[in-house]
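Colleague: I would like to learn how to read pockets and aromatic rings in a protein model, and I would be glad if we could go through one example together.

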Amino acid sequence: MVVVTFGNSTTAPRKTIKKVYAVRLHELLANAGVSNIVINAGIPGSHTGYEKDNNLFKIPHGMDRFDTAVLAHHPDWVTINFGINDSWQDRGKKGTSRIPLEEYRHNLKFFINGIEKEGGKVILLTPNPIGKKYKGYHRRRLKKYRNVVINLAVENHIPLINTWKLFPEFVHKKHEKLDALLLDGVHPNDTGHKIVADAIFKIISTSLNLN
């Protein structure tokens, strides 16, 4: 089985994280007896579009690298986790997002269609919630991008991992705040990555009747 985790810095390997969710997912599948390769296609700073759409970070963004980073691996499963960079307003409360909401939706739909056309299965992840250090307008804008993901999952009958639900549920049980799962107010820590990996594994293992 080949799995590609497609996304930004909340997916990518990180020096301050012992095991990002791609690594944890590989171990979970292997321990369940599933021969697997998990390819981490997360790049810090990446949004869903092309570099020409917003070149604050001069890197291959989602549309730039979709063919080479995802489809070229002929994946059985692809997790898609974008949104924080797409939604971000660099010029303050009244500023535009790096990638407009409808363009974000179009790009995600393009990814879904491309993966399914090649026979792969998609798992959509909401962009994870951000911590209290960030201003309210960033959270309000990010919620709109989260809602696009939720709606796409419903419309396309695709499994959804909603970290806006999973993360608060986890910290509530421990009488902690959301920031207990974030390194810096944005990026999940090891516990956050474990929550995501467990949720992905549950979806895949259910599909394979491993439970």
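Colleague: How many nonpolar, polar and charged residues does the lining of the largest pocket have, by class?

Modeller: Please keep in mind that this is a predicted model. The general idea is that rolling a probe the size of a water molecule over the atoms shows where empty space is left. In this case the lining of the largest pocket has 6 nonpolar, 6 polar and 1 charged residues. The space in this pocket comes to about 210 Å³, and among the 13 residues that line it, Ser9, Ile84, Asn85, Arg98 and His187 lie nearest its centre.

Colleague: Which residues line the second largest pocket?

Modeller: That pocket, with a volume of about 180 Å³, is lined by Pro129, Ile130, Gly131, Lys132, Arg139, Lys143, Trp164, Pro168, Lys177, Leu178 and Asp179. Sorted by class, they give 5 nonpolar, 1 polar and 5 charged residues, and the helices α5 and α6 (163-173) each supply at least two residues of this lining. Trp164, one of the lining residues, also has the charged end of Arg146 sitting over its ring, 4.8 Å from the ring centre.

Colleague: How many aromatic pairs does a search of the whole structure find?

Modeller: A pair of aromatic rings is described by the distance of the centres and the angle of the planes. Here the search finds 9 aromatic pairs. For Trp88 and Tyr134 the centres are 5.4 Å apart and the planes stand at 85 degrees, and because an angle over 60 degrees counts as edge-to-face, that is what this pair is called. The two residues belong to distant parts of the chain, 46 residues apart, with Trp88 in the loop between α3 (84-87) and α4 (101-117), and Tyr134 in the loop between β4 (121-125) and α5 (136-155).

Colleague: Is Trp88 buried or exposed?

Modeller: Trp88 has 15% relative accessibility and so counts as buried, whereas Tyr134, at 21%, counts as partly exposed.

Colleague: What are the distance of the centres and the angle of the planes for the rings of Tyr104 and Tyr145?

Modeller: Their centres lie 4.9 Å apart and their planes are at 50 degrees, so this pair is tilted. Because Tyr104 lies in helix α4 and Tyr145 in helix α5, the pair ties together parts that are 41 residues apart in sequence. Both Tyr104 and Tyr145 are buried.

Colleague: Which residues form one aromatic cluster?

Modeller: Phe6, Phe66, Phe82, Phe110 and Phe111 form such a cluster.

Technical notes
Residues are numbered from 1 along each chain as its sequence is written. This is a predicted model: local features need pLDDT of at least 70, side-chain atom pairs count only at pLDDT 80 or more; totals for chains, interfaces and linings use all residues. Side-chain values use heavy atoms; hydrogens and water are left out. Rings of Phe, Tyr and Trp (its six-membered ring) pair if their centres lie within 6.5 Å; planes under 30 degrees apart count as stacked, over 60 as edge-to-face and the rest as tilted. Helices (H or I, at least four residues) and strands (E, at least two) are DSSP runs, numbered from the N terminus. Buried means under 20% relative accessible area, exposed over 50%, partly exposed in between (1.4 Å probe, protein chains only). A charge sits over a ring if NZ of Lys or CZ of Arg is within 6 Å of the ring centre and within 35 degrees of the ring normal. On a 1 Å grid over the protein atoms alone, a cavity is a set of points where a 1.4 Å probe fits but cannot get out, and a pocket is an open set with protein on both sides within 12 Å along at least five of seven lines; lining residues have an atom within 4 Å of a point. Grid points are joined across faces, edges and corners, and a volume is the space filled by probe spheres set on the points. Ala, Val, Leu, Ile, Met, Phe, Trp, Tyr, Cys and Pro count as nonpolar, Asp, Glu, Lys and Arg as charged, and the others, Gly among them, as polar.
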